[in-house]
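Visitor: I am new to this structure. Could you show it to me and take my questions as they come?

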Amino acid sequence: MKQTEYIEYLLFGLTITLFQFAGYSVLTMPLLAFSALLMFSPEKINLQIKVNPIFTFFLVGSMLIGLVNLIFRDTKLHSLLMWGQFYFFAIMLAGVRDQLKLITMIKYFVYTIFVADIGSNLLLALGYNLPWTHFPPIRPGELLPRFPGVKSNSLYSGSISFLALCFFIHEDIKNRWMKWSLMGLMFVNLLLAGSFRYYITLAAVVMVYVLKLYRKPHTLLATYGGFVIGVVMMTAMTTNISKSNELRWKLWIHTLGLIEKSPLWGEGFFFQNLREHAIFSYHNLMKAGVTESTILLFALCFGVPFAIIFLLVVYNTLRKFQHYQLYSQELGLFVGLTLDLFWGGSIDNCMSLAILLLSTYQINRHAQV
């Protein structure tokens with residue numbers, strides 16, 4: 001990699017890391033646009049359209065539906081910013097000259113955030129008061145606290161630990177003791193975060209890696225589908241013993257009811273806003289617009305047909321795993337991050353979104369080589 005290219009990729013990694021903590025501002029937004037533009041190549045956009053036309057159709061069609069709905073419905077600025085970020089990343093990252101190198105660059109920033117995150121959680125566990133986070137409360141119906149990490153958000157702590165593990169599985173470290181010890185620390189932080197959804201997605205990633213499911217397309221698709229069906233069934237069966245699953249199930253049912261009102265065209269650009277409803281309860285989560293499923297969110301915003309089109313993108317990308325002879329980090333990242341979309345997921349975390357999009361583009365591009 002040339003020195004100038006190294007700086008471009010480094011700048012982008014720094015920028016989305018800054019976004020993790022600073023969010024939208026007059027500084028971060030122009031910096032993000034500038035760093036993405038430095039890596040952009042129109043030729044790569046044309047290539048992505050050729051290798052993944054269905055995703056292109058999803059992006060264009062969903063954007064048009066959102067814009068049409070924008071004329072007839074009141075849409076909050078927060079929702080427009082979230083969806084604007086989604087389309088910006090989808091378009092700009094499709095034109096990155098070397099997507100695999102960018103994924104690798106982002107990996108090192110994930111490791112950096114993880115170190116800060118586990119440090120914060122361990123200090124909290126030892127009883128220290130930290131100015132940037134708080135001691136974790138215990139959710140209703142749960143026995144153990146969920147540690148919030150460096151960002152004071154247990155879901156983010158689980159997410160960054162999950163991403164770190166997905167990347168680290170692929171690391172070629174000769175010293176097995178060191179590798180297993182570091183992976184153990186990442187898993188401990190995942191446990192401290194208490195986000196059970198990441199335990200399930202991590203199990204799927206490990207199966208793809210250990211059982212080499214990327215070489216077995218039919219087994220891969222059956223396993224992937226089995227995870228989705230299994231989680232939905234287990235959620236329904238455990239609503240009486242798990243407060244989290246009870247809330248998730250209620251939110252799914254509530255979202256399906258909203259989808260029924262406009263199944264073909266959806267409601268347009270819409271997204272949750274937890275800041276206005278911070279108390280953890282079904283009523284407040286419902287008022288905030290939490291769907292607990294990005295797949296259902298797509299159906300709610302753009303209609304059931306476009307949600308199905310997105311599922312077709314996932315299906316086609318999984319089928320292209322068979323073009324890999326050896327495991328690569330984008331395979332596990334794609335499996336884990338897309339599975340998470342069924343029972344959670346989010347498009348407001350630009351780091352996870354960037355990694356998911358880059359993994360999707362890289363897998364489809366690799367299949368054409």
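**The cavity and the surface patch**

Guide: This is a predicted model. The lining of the largest cavity comprises 8 nonpolar residues, 1 polar residue and no charged ones.

Visitor: Which residues line the largest cavity?

Guide: Its lining consists of Ala204, Met207, Val208, Leu213, Leu220, Thr223, Tyr224, Phe227 and Val335.

Visitor: How much space lies in the largest cavity?

Guide: The largest cavity holds about 50 Å³ of space.

Visitor: How many cavities of 30 Å³ or more are there?

Guide: The count comes to 1 cavity of 30 Å³ or more.

Visitor: Let us move to the surface. Which residues form the nonpolar patch there?

Guide: The nonpolar patch on the surface is formed by Val60, Leu64, Leu67, Leu70, Leu77 and Leu80. Together they have about 510 Å² of accessible area.

Visitor: Which elements give two or more residues to the nonpolar patch?

Guide: Those elements are helix 4 (53-72) and helix 5 (77-94). Helix 4 gives the most to the patch, with 4 residues.

Visitor: Where is Leu64 found?

Guide: Leu64 is found in helix 4.

Visitor: Does Leu64 count as buried or exposed, and why?

Guide: Leu64 counts as exposed because its relative accessibility is 52%, and exposed means over 50%.

How values were computed
Residues are numbered from 1 along each chain as its sequence is written. This is a predicted model: local features need pLDDT of at least 70, side-chain atom pairs count only at pLDDT 80 or more; totals for chains, interfaces and linings use all residues. Side-chain values use heavy atoms; hydrogens and water are left out. Patches are made of residues with over 30% relative accessible area and no salt bridge: like charges are joined within 9 Å, nonpolar side chains (Val, Leu, Ile, Met, Phe, Trp, Tyr) within 5 Å. Accessible areas come from the Shrake-Rupley method with a 1.4 Å probe; for residues, only the protein chains shown count as cover. A salt bridge is a side-chain nitrogen of Lys or Arg within 4 Å of a carboxyl oxygen of Asp or Glu. Buried means under 20% relative accessible area, exposed over 50%, partly exposed in between (1.4 Å probe, protein chains only). On a 1 Å grid over the protein atoms alone, a cavity is a set of points where a 1.4 Å probe fits but cannot get out, and a pocket is an open set with protein on both sides within 12 Å along at least five of seven lines; lining residues have an atom within 4 Å of a point. Grid points are joined across faces, edges and corners, and a volume is the space filled by probe spheres set on the points. Ala, Val, Leu, Ile, Met, Phe, Trp, Tyr, Cys and Pro count as nonpolar, Asp, Glu, Lys and Arg as charged, and the others, Gly among them, as polar.
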